[in-house]
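Please read the following points alongside the coordinates. They are arranged by topic, and each can be checked on its own.

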Amino acid sequence: MKFLLSFGTLLLVLPMTALAIQTETYGWEDVYTVLGVYGNGVPDLEYVAPVHGGSQSLEFVETPYGGTPQAYLAWIQNLSDGDTVMASYWVYDDTPGVNPASRIWGHWNDDPVDPMVYSGSAGGNGDYSQGIGWELIEWEWTVSDGHTGLMIEGRLYSSAEFDTIWIDDLTITAPDGATIIFPNIPVALVRQTWADIKASF
Ligand SMILES: [Ca+2]
């Protein structure tokens, strides 16, 4: 009887634990591009091709040539040590073995409102896109050292000015309590909201 009771309790608890994650997607189907850019990358919306899903994708062009531009694709906030975040996106790269190529990477940003704050590298997937056309690349991060925010980077590795990659169908999986910010939540609005909240006290 005691065993049955314990087992019953376990059955009630396990599904709740398993469901305590959220998965959100973003496909660049509206008017927004990125949350921010580091380096010489210029983001724009692509309406013709290559598009992976829907009718638009993110185009990311290097100009002028130099460095490794990073497109800030998603910002996951309200994280705690031990939390895991998984991110993936489809990238279009049709030049096998040479640049342009992409890697999915991340850095900590523990600031609540400024997407350009850098709180240290979070690492990422060391593999480059293979140049096979559309390809899904992904990575999983585990939060440590008291970090609370993770910025997902779409990196562009380039050999010449105007080298371009296309990104589409971004997926983020994070704990239920985390906040997932995509480019369609204008940071200006986030700032405005915070200013309003602070002003009201
Ligand atoms: Ca799309």
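The points below cover the basis of the model, the metal site, the backbone and the aromatic rings.

1. Basis of the model. This is a predicted model, in which local features need pLDDT of at least 70 and side-chain atom pairs count only at pLDDT 80 or more, while totals for chains, interfaces and linings use all residues. Residues are numbered from 1 along each chain as its sequence is written, and side-chain values use heavy atoms, with hydrogens and water left out.

2. Calcium donors. The calcium ion takes its protein donors from G27 (O), E29 (OE), G53 (O), Q56 (O), D168 (OD) and D168 (OD), at 2.2 to 2.6 Å. Donors here are N, O and S atoms within 2.8 Å of the metal (3.2 Å for Na, K and Ca), and since water is not among the atoms, sites may look incomplete. Along the sequence, the donor residues follow the spacing G-x1-E-x23-G-x2-Q-x111-D. Within this set, E29, in the loop between β1 (21–26) and β2 (36–38), and G53, in the loop between β3 (41–46) and β4 (57–62), link distant parts of the chain, being 24 residues apart. Strands are DSSP runs (E, at least two residues) and helices likewise (H or I, at least four), numbered from the N terminus.

3. Calcium geometry. The angles among the six donor atoms run from 50 to 155°, and the site of the calcium ion is irregular. For reference, ideal angles at a metal are 109.5 degrees for four tetrahedral donors, and 90 or 180 degrees for six octahedral ones.

4. Is E29 buried, exposed or partly exposed? E29 counts as partly exposed because its relative accessibility is 39%, whereas G53 counts as buried at 19%. The cut-offs are under 20% relative accessible area for buried and over 50% for exposed, with partly exposed in between (1.4 Å probe, protein chains only).

5. Backbone. The peptide bond from A49 to P50 is cis, with omega near 0°, and P50 lies in the loop between β3 and β4. A cis peptide bond also joins N99 and P100, with omega about 0°; P100 is in the loop between β6 (84–93) and β7 (101–108). N78, although not a glycine, has a positive phi of about 60°, and its place is in the loop between β5 (70–77) and β6. F162, another residue other than glycine, has a positive phi near 75° and sits in the loop between β10 (150–157) and β11 (164–175); at 54% relative accessibility, F162 counts as exposed.

6. Aromatic rings. The structure holds five aromatic pairs, where rings of Phe, Tyr and Trp (its six-membered ring) pair if their centres lie within 6.5 Å, with planes under 30 degrees apart counted as stacked, over 60 as edge-to-face and the rest as tilted. Among them is the edge-to-face pair of Y92 and W134, at 5.5 Å centre to centre and 65° between the planes. This pair links strand β6, holding Y92, with strand β9 (residues 133–142), holding W134, 42 residues apart. Ring pairs also link Y26, W28 and F182 into a cluster.

Methods. Four donors count as tetrahedral if all angles lie between 85 and 135 degrees; four count as square planar and six as octahedral if opposite donors are over 155 degrees apart and all others between 65 and 115; anything else is irregular.
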